Amino acid sequence: MKDSIISVHYLKKAYGEHIVLDGLNFEVERGSIFALLGENGAGKTTTVRILSTLIQADSGTATIAGYDTHHESDFVKQNISLTGQYASVDELLTGEENLMMMGRLNHLDRKLVKKRTAELLEQFELTKAAKKQVKTYSGGMRRRIDIAISLLASPQVIFLDEPTTGLDPRSRRKMWSMIQQLAKNGVTIFLTTQYLEEADQLADKIAVIDNGRIVEEGTAEELKNMIGDENLELTFADFRAFQHAIKLIHGLVNEKEQRITIRTGSIESLRRLLNTLYEHEIEPSSVNFQKPTLDDVFMDITSRNTKELSANA
């Protein structure tokens, strides 16, 4: 039986006539990385704010570690940590001082704070920078100290809102590695991000929210499989060969790149397609297989849902 640490059932929230959440339902397994994806205004931030006890839902229930976010908010707060999009640290203090200060503000035992500070500085590769003011830190280092602070009290669930915004590719990948390690250590990660590659790389489960409802959910591979097979990209160096190929095979044509993209389908259909080109002495300059990306999935799901809403309006 699956061990759900976050359970959301029929959650609703509206501001006046504007419905933000419209019967939200999902589960998050303990020790997993869960990614909530959606366009701006889809309801991501409102969902996180309700789960982190910052606001209350109009109806429905949400529990974390068995505690109701509305009626047992104090217990929920003891089990979670929320890290916003931008690092919320004191730039004039050192990394070590920031950790010690937050430990005192959270009324943690002094010896425990000292021990956790040393552990977290090492875990997030900040030991050498521990005595330096945070204002001297790079963007990646600031994000790391911010997340380290959120782990001081050893929360069961950590909410990460756009954790790698503004980071260079190397720092982003280092952050991904640290997030994965947190999950391996048993921390449940609730991730919101606009970097679909990030969700693809990190998430054990992805839920797509649109107009306040979960419209699709599953692993990255399950979602990709929803929109079909791999694509076959045929590129032609010779313009005449390209024009001839357009008449023989049906696909998405890119005139500028002299490229035709076809859904691969079955092995037999692929064999017939290549045989047709061979019989007409047409040889592509390159042949590439392209799997659907999470970007493709996201665009397909959200555009499909928009059309359905328009049809029902």
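**Exercise 1.** Which residues are buried in α10? Work out how they are arranged on the helix.

*Solution.* 
- Start with the model: this structure is predicted.
- Find the helix. α10 covers residues 267-279.
- Pick out its buried residues. They are Leu 270, Leu 273 and Leu 277.
- Look down the axis of α10. The buried residues fall within an arc of 60 degrees, so they line one face of the helix.
- Recall the general rule. An α-helix has 3.6 residues a turn, so residues three or four places apart point the same way.
- Turn to the face away from the buried side. Exposed there are Ile 267, Tyr 278 and Glu 279.

**Exercise 2.** Is Thr 192 buried or exposed? Describe its surroundings.

*Solution.* 
- Locate the residue. Thr 192 belongs to strand β8, residues 188-192.
- Apply the cut-off: buried means under 20% relative accessible area. Thr 192 has 3% relative accessibility, so it counts as buried.
- Look for a polar partner. The side chains of Thr 192 and Asp 161 make a polar contact at 2.8 Å.
- Set aside neighbours within four places in sequence. Thr 192 then contacts Leu 36, Val 48, Leu 160, Asp 161, Glu 162 and Pro 163.

Note on methods. Residues numbered from 1 in each chain as written. Predicted model: local features only at pLDDT ≥ 70, side-chain atom pairs only at ≥ 80, totals over all residues. Heavy atoms only, no water. Helix = DSSP H or I, 4+ residues; strand = E, 2+ residues; numbered from the N terminus. Buried < 20%, exposed > 50% of the residue type's maximum accessible area, 1.4 Å probe, protein only. Polar contact = N/O pair within 3.5 Å; in protein donor to acceptor, adjacent residues only side chain to side chain. Contact = heavy atoms within 4.5 Å. Expected span 1.5 Å × (residues − 1). Arc of directions from axis to C-beta.
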